[in-house]
Amino acid sequence: MKQFYGTSLSSPLMLGTALYPSPAILADAFVKSGASVATVSVRREAAGDAAGDAFFQLIRKLGVHILPNTAGCHTASEAITTAQMARELFETDWIKLEVIGHADSLQPDPFQLVDAARTLCAEGFKVFPYMTEDLILADRLLDAGCDVLMPWGAPIGTGLGLVNLYGLRALRAAYPDVPMVIDAGLGVPSQAAQALEIGFDAILLNTAVAKAGNPAVMAEAFAKACEAGYLGRYADPMEPRDMAAPSTPVLGKAFLE
Amino acid sequence: MNISVNGEAMTVHTKTLGDILDELGYKGQRVATAVNAQFVSSATRKDTQLSEGDALEIVTPRQGG
């Protein structure tokens, strides 16, 4: 598996920490998923509220890499300040850079995203940019200093899977050596397997596990799908073809007419 | 001094960010801060003076996707 900013991950599964019915179910889902990375956020806290520290202790106990996000930010400056606060709180240079440009689709704003990425990379952040599958955007983000790209599969929380398979394949083919994570839009394990089969290096999901009827079992299902997809890719899949080709030998068939 | 703290108007009687956090009851909490949308590191809070009308944001770790 490719390294992410020099870090080898034990699993291609990155898992969000939001929307679980309880902290205990969150922790159980992480154990079952075998996830190597947990995404987290920063939010306002009132004086005397211990929720932030309690959550931080819970995440540290999971023993995974922490990837803070800039979720909810709509401008580069807002995302930069959020990233700076997250770096101090979580003691990591990793940042999942989200700069939202469209309220309904939560589609990232590519212009603000590149501006924020350039500043954060210059400040030593290891930026994981949440992006569309646009080739030019990928080029600009790499120029800005990103060593990892995170194209969406589908809009956040939709569970639609890889809606632009052509675009994602083109992105993967254009930058074969860049570590890439499919971030957002996955709903069921087969979509995770598909992402890895077509050459992506990791997947990041949250809602599909957290909002499943049984999050722990769904986490395990995604873990197995990741393993299947990764092995399928590693095993060098056959090329699809339009015409049928018999798998059973024709030679030697009994003549029975 | 009247400032905004996480979007709410408040009156504080101290001036440095470090003292204001203590006055507001954040002592010992794991928080990060920004004043007027600019990050202020924990190391520089004691030297950061706030002014009338400043907007202070105080954040902490939370669940995220």
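## Salt bridges, to begin with

A salt bridge here is a side-chain nitrogen of Lys or Arg within 4 Å of a carboxyl oxygen of Asp or Glu. B:Lys46 and B:Asp47 make one, with N and O 3.5 Å apart, and both residues are exposed (over 50% relative accessible area; buried means under 20%, partly exposed in between; 1.4 Å probe, protein chains only). In general, side chains of opposite charge can pair when their charged atoms come close.

This is a predicted model, in which local features need pLDDT of at least 70 and side-chain atom pairs count only at pLDDT 80 or more, while totals for chains, interfaces and linings use all residues. Residues are numbered from 1 along each chain as its sequence is written, chains are lettered from A and ligands numbered from 1 in the order in which they are written, and side-chain values use heavy atoms, with hydrogens and water left out.

## Where chains A and B meet

Let us turn to the interface. Chain A brings 31 residues to the contact (heavy atoms within 4.5 Å) and chain B brings 26. Together they bury about 2,300 Å², with 52% of it on carbon and sulfur atoms; buried area is the accessible area (1.4 Å probe) that two parts lose on being put together, summed over both. B:Arg30, B:Arg62 and B:Gly65 supply 31% of the area that chain B buries against chain A, more than any other three residues.

Five salt bridges are counted between the two chains. One of them joins B:Arg62 to A:Glu45, with the closest N and O atoms 3.4 Å apart. On the side of chain B that touches chain A, β3 (32-35), β4 (38-40) and β5 (55-63) each supply at least two residues; strands are DSSP runs (E, at least two residues) and helices are runs of H or I (at least four), numbered from the N terminus. The largest share, seven residues, comes from β5(B).

## Strands across the interface

Strand β2 (residues 37-44) of chain A runs antiparallel to β5(B), and five bridges join them; pairing requires that DSSP finds at least two bridges between two strands. Within this pairing, A:Arg44 stands opposite B:Val59.

A:Arg44 also reaches B:Glu57 in a salt bridge (2.8 Å, N to O). That pair crosses between chains, from strand β2 of chain A to strand β5 of chain B. A:Arg44 is partly exposed at a relative accessible area of 44%, and B:Glu57 is partly exposed too, at 24%.

## Inside chain A

Strand β5 (residues 126-131) of chain A has five of its six residues buried, so it is largely enclosed by the rest of the structure. Strand β4 (residues 94-97) of chain A pairs with β5(A) in the parallel sense over four bridges, and A:Ile95 stands opposite A:Val127.

A:Lys96 forms a salt bridge with A:Asp183, with the closest N and O atoms 3.2 Å apart. Because A:Lys96 lies in strand β4 and A:Asp183 in strand β7 (residues 181-183) of chain A, the pair ties together parts that are 87 residues apart in sequence. Both residues are buried.

Elsewhere in chain A, A:Leu62 lies in helix α2 (residues 51-62). Not counting residues up to four places away in sequence, A:Leu62 touches A:Leu26, A:Ala27 and A:Phe30.

## The wider salt-bridge count

Over all chains, the whole structure holds 15 salt bridges. A:Lys2, A:Arg172 and A:Asp201 are linked in a network of them.
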